[in-house]
Amino acid sequence: MNQSRQKKIIQTSIIGIVTNIALAIFKAIVGLISGSIAITLDAVNNLSDALSSLITIIGTKLAGKEPDKKHPLGYGRIEYLSASIISVIVLYAGITSLQESIKKIVHPETATYSIVTLLIIFVAIIVKIVLGSYVKKVGQTEDSDALVASGQDALNDSIVSTSTLVAAILYLFCHISIEAWLGLIIAFVIIKSGFEMLRDTISEILGERIDADITQKVKASIETFDRVQGAYDLIIHNYGPDRLIGSVHIEVPSNMTAKELDTLERHIAEKTYKDTGVTLTGISIYAQNVNDESSAIIEADIRKMVMSHPHVLQMHGFYLDNGKRQIRFDIIIDFDVEDRHALYQEIVNEVKRKYPIYSFYVQLDADISD
């Protein structure tokens, strides 16, 4: 793992721990003195936030371990596991808050507030807004799901604390108590936040589509080489926020030698890593017909036929072998099509009818990257 990234994540998490513990102590004191369930629950939520920051530190340190024989691609995905643990903690805090709020609704207790109480809550709101914005920004900059989640959670807390402040003002000046019901709302907000965090981290672990900005930069880097006519079938696997490993097909002239291809592939891998940080471990080729006007005409005609189908996203890898009377190419069909294989078969049959003297090898590719 990048050492500067690890250091920044840990520093930010330490700031979160110290700030949340301080807020928890102040809110707990105010909550106990005033008898406010909402403020007390908010204090518990601050402790869960501090624990989340501690888990972020542990997860970041473990994710930074060097690759070994058992895990040759490193431990980067531990960051996603730590984010999942944080999500479960938030969910637990929300469920506990829900139970306490229901108890207060069934057996109501009157809270007492003072101007000092209101000032402390107000200060806590400001602190949470500043902390949440800072942590989330660092998380986005350093590509840390755990930090982004912690930052967003802190911003959500500021909204919850604002609600608590409003309830306190209502009681102080209008003698209207909505404490228990507000605690119920807070509990649902916490549960919702925890569920969304857990959903997002599970999605990361399952393997999400790589960000279009990254894939487009990789393809652009590859296509800067003169003899590369296109980059296709790019697959990038995420083994942690700073460890992306992929493979790609490149379209090159059919008359290139093995020596030329070997040199080209090495240069592509080197430049791509330098430009994007993505390690290309596999570079395969599509041969392109060279100085063959008849194949160019047939390719243009087939491309027009194939792309006339609205759900076909791309056709690539076209090659016509006149000696063997073979035509091969790949197509990508949108995932939104109800039956992709039926459409694929329809296209194959269509080109076969138009060019019956050729045998066709058409590969149905998946829409894996932009």
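Is phenylalanine 329 buried or exposed? At 1% relative accessibility, phenylalanine 329 falls in the buried class, where buried stands for under 20% relative accessible area, exposed for over 50% and partly exposed for in between, with a 1.4 Å probe and protein chains only. The model is a predicted one, so local features need pLDDT of at least 70 and side-chain atom pairs count only at pLDDT 80 or more, while totals for chains, interfaces and linings use all residues. Residues are numbered from 1 along each chain as its sequence is written, and side-chain values use heavy atoms, with hydrogens and water left out.

Phenylalanine 318 is buried too, with a relative accessibility of 1%. A pair of aromatic rings is described by how far apart the centres are and by the angle of the planes. Rings of Phe, Tyr and Trp (its six-membered ring) pair if their centres lie within 6.5 Å; planes under 30 degrees apart are called stacked, over 60 edge-to-face and the rest tilted. By this rule there are three aromatic pairs. One of them is stacked and joins phenylalanine 318 to phenylalanine 329, at 6.3 Å centre to centre and 20° between the planes. Phenylalanine 318 sits in strand E4 (residues 312-321) and phenylalanine 329 in strand E5 (residues 326-333), so the pair ties together parts 11 residues apart in sequence. Strands (E, at least two residues) and helices (H or I, at least four) are DSSP runs, numbered from the N terminus.

Rings also turn up under charges, the cut-off being NZ of Lys or CZ of Arg within 6 Å of the ring centre and within 35 degrees of the ring normal. Lysine 65 lies over the face of tyrosine 75, at 4.5 Å from the ring centre, and arginine 77 does likewise over tyrosine 239, at 4.2 Å.

On to the helices. The axes of H4 (residues 115-141) and H5 (residues 145-174) come within 7 Å and cross at roughly 165°; these axes are lines fitted to C-alpha atoms over the stretch in contact, with angles from 0 to 180 degrees between N-to-C directions. That makes H4 roughly antiparallel to H5 (over 145 degrees; under 35 is roughly parallel, 65 to 115 roughly perpendicular and the rest oblique). Tyrosine 134 lies in H4 and is partly exposed, with a relative accessible area of 32%. Its C-alpha atom is separated by 17 Å from that of valine 123, 11 residues apart along the chain. Helices H7 (residues 212-222) and H8 (residues 258-276) have axes that come within 9 Å and cross at roughly 140°, which makes H7 oblique to H8.
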